[in-house]
Amino acid sequence: MESQNQNTRHSVTLLWSGGWDGTFRLLQLCQNDITIQPVYVTDSDRSSTEIEKQRIDEILKICRERFPAEIRDVTFYDKNWILETCKDEQISSSFRHLRKTYNLGSQYEWFALLTRYLDQKMECGVVHQYHGKVEEAIDHEGTMELIQGDFLPGRYHVLPKEDQTSAYDVFGNLIFPIIRLTKKDEENIARDNGWMDIMNLSWFCHTPIHGEPCGVCGPCEDAMNTGMEWRLPAAAKRRYKYRKLIRFCKRIKNRILRTRKTV
Ligand SMILES: [Zn+2]
């Protein structure tokens with residue numbers, strides 16, 4: 001009987017880097033009798049990868065002890081490997097168009113190429129945000145629809161919009177299960193369910209300083225703008241006020257370092 005159970009058990013692949021939204025989705029999925037395969041696309045340009053991996057280990061350990069779902073070990077893919085191995089010019093050209101028009105993050109090209117190469121649908125923890133880039137790109141150039149006859153409720157996917165396929169090319173293999181929620185909704189649901197100890201282990205800053213969020217990078221700015229400022233320490237909040245000046249100084253410093261290397 002057990003093996004039959006194993007065979008009929010549903011499985012979900014989740015793109016997860018240990019961040020707030022992905023961790024929230026992991027917790028929702030953990031409540032079901034399913035198998036979860038987390039996938040993390042690593043970016044060697046980010047200094048936060050090691051902290052993220054530590055947090056992932058801590059979160060997985062608690063979830064496995066506390067919840068019924070079976071969570072497999074994380075499968076890691078490197079973004080450079082994806083760009084080399086999973087080439088697809090139609091996806092990349094549609095991505096360049098969406099990036100130029102909606103300032104879409106580069107991770108969506110990696111996700112699109114990987115899911116197409118593996119021929120695998122993956123859940124992606126994008127939430128509703130005022131002027132959310134993913135939502136704007138899909139609204140204008142695709143159609144977001146609830147998946148019919150799905151084994152889990154409330155999951156959306158992207159279809160072409162008449163003859164426009166750019167959003168479908170990039171997001172067609174992604175499933176959006178929390179696109180109708182805000183970060184605040186996630187926090188409220190997590191509090192109601194007693195998940196906050198786990199949510200607080202999630203990581204968001206791309207350029208931590210002494211192991212703490214920086215207050216200057218994009219995700220720290222997002223946290224300040226989406227009611228999550230309580231997650232930043234006082235020093236990060238001070239830096240946030242001067243983030244534009246700090247970013248400008250960083251750019252100048254990097255330029256000088258690059259020039260020195262080439263001389
Ligand atoms: Zn940061």
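Predicted model: local features only at pLDDT ≥ 70, side-chain atom pairs only at ≥ 80, totals over all residues.
**View 1. The whole chain, before zooming in.**
Start with the parts list: the chain has 13 helices and eight strands. (Helices are DSSP runs of H or I with at least four residues, strands are DSSP runs of E with at least two, and both are numbered from the N terminus.) The C-alpha trace spans about 65 × 45 × 35 Å along its principal axes. A compact globule of 263 residues would have a radius of gyration near 18 Å, and the chain's 19 Å agrees with that. (That radius is taken over C-alpha atoms, and the globule rule is 2.2 Å times the number of residues to the power 0.38.) Of the 263 residues, 33% are buried. (Buried is 20 or more other C-beta atoms within 10 Å of a residue's own, exposed is 12 or fewer, and partly exposed is in between, with C-beta atoms placed from the backbone.) Take the contacts between residues at least 6 apart in sequence: 65% of them join residues at least 24 apart. (A contact is two residues whose C-beta atoms, placed from the backbone, lie within 7 Å.)

**View 2. Helix α2 meets helix α9.**
Two packed helices are described by the angle between their axes and the distance between the axes. Here α2 (residues 20–30) and α9 (residues 183–193) have axes that come within 11 Å and cross at roughly 40°. (Axes are lines fitted to C-alpha atoms, for helices over the stretch in contact, and angles run from 0 to 180 degrees between N-to-C directions.) That angle makes α2 oblique to α9. (Under 35 degrees counts as roughly parallel, over 145 as roughly antiparallel, 65 to 115 as roughly perpendicular, and the rest as oblique.) The crossing of α2 past α9 is left-handed. (Left-handed means the near helix is turned anticlockwise from the far one by less than a right angle; right-handed means clockwise.) On the α2 side, W20, D21, F24 and L27 make the contact, and on the α9 side K183, E186 and A190 do. Sorted by class, that gives four nonpolar, no polar and three charged residues. (Ala, Val, Leu, Ile, Met, Phe, Trp, Tyr, Cys and Pro count as nonpolar, Asp, Glu, Lys and Arg as charged, and the others, Gly among them, as polar.)

**View 3. Helix α5 against helix α6.**
The axes of α5 and α6 sit 10 Å apart, and the helices pack at an angle of about 160°. With that angle, α5 is roughly antiparallel to α6. This time the crossing is right-handed. From α5 come I91, S92 and F95, and from α6 come Y108, E109, A112, L113 and R116. The class count for this contact is five nonpolar, one polar and two charged residues.

**View 4. Zooming in on I91.**
I91 sits in helix α5 (residues 89–102). It counts as buried because it has 23 C-beta neighbours inside 10 Å. Leaving out residues up to four places away in sequence, I91 touches A112, L113, R116, D169 and V170. I91 and V170 are 79 residues apart along the chain, yet their C-alpha atoms are separated by 5.8 Å.

**View 5. Two loop residues with positive phi.**
D119 isn't a glycine, but it has a positive phi of about 50°. You'll find D119 in the loop between α6 (107–118) and β5 (122–124). With 7 other C-beta atoms within 10 Å, D119 is exposed. E162 isn't a glycine either, and its positive phi is about 45°. E162 belongs to the loop between β7 (156–160) and α8 (166–171). It is exposed, with 6 other C-beta atoms within 10 Å.

R46 lies in the loop between β2 (35–42) and α3 (49–66). It is partly exposed, with 17 other C-beta atoms within 10 Å. C205 is 159 residues from R46 in sequence, but 9.7 Å away in space, C-alpha to C-alpha. I209 counts as partly exposed too, with 15 C-beta neighbours inside 10 Å. Its C-alpha atom is separated by 9.6 Å from that of S48, 161 residues apart along the chain.

How values were computed. Residues numbered from 1 in each chain as written.
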